[in-house]
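Thanks for asking me to look this one over.

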Amino acid sequence: MKIHADALLFDNDGTLISSLDSVHRCWTRWAREYRIAPEDFARVELHGRPAAEIAADLLPAGEVPGALARIEQLEVEDVAGGVTLLPGTRALLESLPPERWAVVTSATRRLAEARLGEAGIRPKKLIAADDITRGKPDPEPFLLAARRLGVDPARCVVFEDAPAGLAAGRAAGMTNVALTTTHPAAELLADVVVPDLSAVSAQATDGTVEITLAG
């Protein structure tokens, strides 16, 4: 299958890299420090959501700012050795002109840059939690990425592993490619579903990108 696009928008964790072990380790420690009941912690979806929303689900409003600073500190300190480059990431990114792709993440800029840097990825455009007022599944992050790249949202392709991110891509009017790196295909509503980025190749031609999806 081939798709022609003006820009590719990548989620980070679970799409380009994996830091899921680190995420679980840090958030579990955070929950203990803030004395959150295990059953309350277990019902909250961690993956693909901004830390501010997670903290707000679990803590009184007055505790959230300090709690956000604490989880960011824990996660940044855990970056070394806690990031794995997922299959196909490096080859795909190296095939793309830097002005034709962006990373769109629910993490803070400080944390996202630390994780990407650990994996050797340095995007020209990065949309992080600091840049938006409404996180995924709201379309704001992807629409902002399209605007900063100077492209029509309808000419963007989103690569995501999480249902919230795919919902954001749909709401933005973009083509969605789901990766089954963290969720089974049955939970992912997308235009195309692939195992990971090793099933994706791209070639830039005349101001556009031809994306080939295997399988």
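1. Burial first: a residue counts as buried under 20% relative accessible area, exposed over 50%, and partly exposed in between (1.4 Å probe, protein chains only). At 6% relative accessibility, Glu75 therefore counts as buried. Its place is in helix H4; helices (H or I, at least four residues) and strands (E, at least two) are DSSP runs, numbered from the N terminus. Setting aside neighbours within four places in sequence, Glu75 is in contact with Val23, Cys26, Trp27, Leu111 and Arg115, where contact means heavy atoms within 4.5 Å.

2. A word on the model. It is predicted, so local features need pLDDT of at least 70 and side-chain atom pairs count only at pLDDT 80 or more, while totals for chains, interfaces and linings use all residues. Residues are numbered from 1 along each chain as its sequence is written, and side-chain values use heavy atoms, with hydrogens and water left out.

3. Now the overall form. The chain has eight helices and eleven strands. Its radius of gyration is 17 Å, which agrees with the value near 17 Å for a compact globule of 215 residues; the radius is taken over C-alpha atoms, and the globule rule is 2.2 Å times the number of residues to the power 0.38. Along the principal axes, the C-alpha atoms fill a box of roughly 55 × 35 × 30 Å.

4. Take the contacts between residues at least 6 apart in sequence: 61% of them join residues at least 24 apart.

5. Which residues are closest to the centre of the largest pocket? The pocket holds about 510 Å³ of space, and of its 29 lining residues the closest to the centre are Trp27, Leu46, Arg49, Ile54 and Glu75. On a 1 Å grid over the protein atoms alone, a pocket is an open set of points where a 1.4 Å probe fits, with protein on both sides within 12 Å along at least five of seven lines; lining residues have an atom within 4 Å of a point. Grid points are joined across faces, edges and corners, and the volume is the space filled by probe spheres set on the points.

6. As for the lining itself, helix H1 (20-33), helix H3 (51-58), helix H4 (64-77) and helix H6 (109-118) each supply at least two residues. By class, there are 14 nonpolar, seven polar and eight charged residues. Here Ala, Val, Leu, Ile, Met, Phe, Trp, Tyr, Cys and Pro count as nonpolar, Asp, Glu, Lys and Arg as charged, and the others, Gly among them, as polar.

7. Helix H7 is largely enclosed by the rest of the structure, because seven of its ten residues are buried. These are Glu140, Pro141, Phe142, Leu144, Ala145, Ala146 and Leu149. Their cover includes strand S2 (7-10), strand S5 (101-104), strand S6 (126-127), S7 and H8. After H7 comes Gly150, with a positive phi near 75°.

8. Helix H8 (residues 163-171) buries Ala164, Gly165, Leu166, Ala168 and Gly169, and helix H7 (140-149), strand S7 (156-160) and strand S8 (175-179) are among what covers them. Gly169 has a relative accessible area of 0%. Leaving out residues up to four places away in sequence, Gly169 touches Phe142, Val158, Met174 and Asn176. H8 is followed by Gly173, whose phi is positive, near 75°.

9. Finally, some backbone spots to check by eye. Most residues other than glycine have a negative phi, and most peptide bonds are trans. The peptide bond from Lys136 to Pro137 is cis, with omega near 20°, and Pro137 is found in the loop between S6 and H7. Arg35 has a positive phi near 55° and is exposed at 79% relative accessibility. Asp206, in the loop between S10 and strand S11 (208-213), has a positive phi of about 50° and is exposed at 83% relative accessibility.
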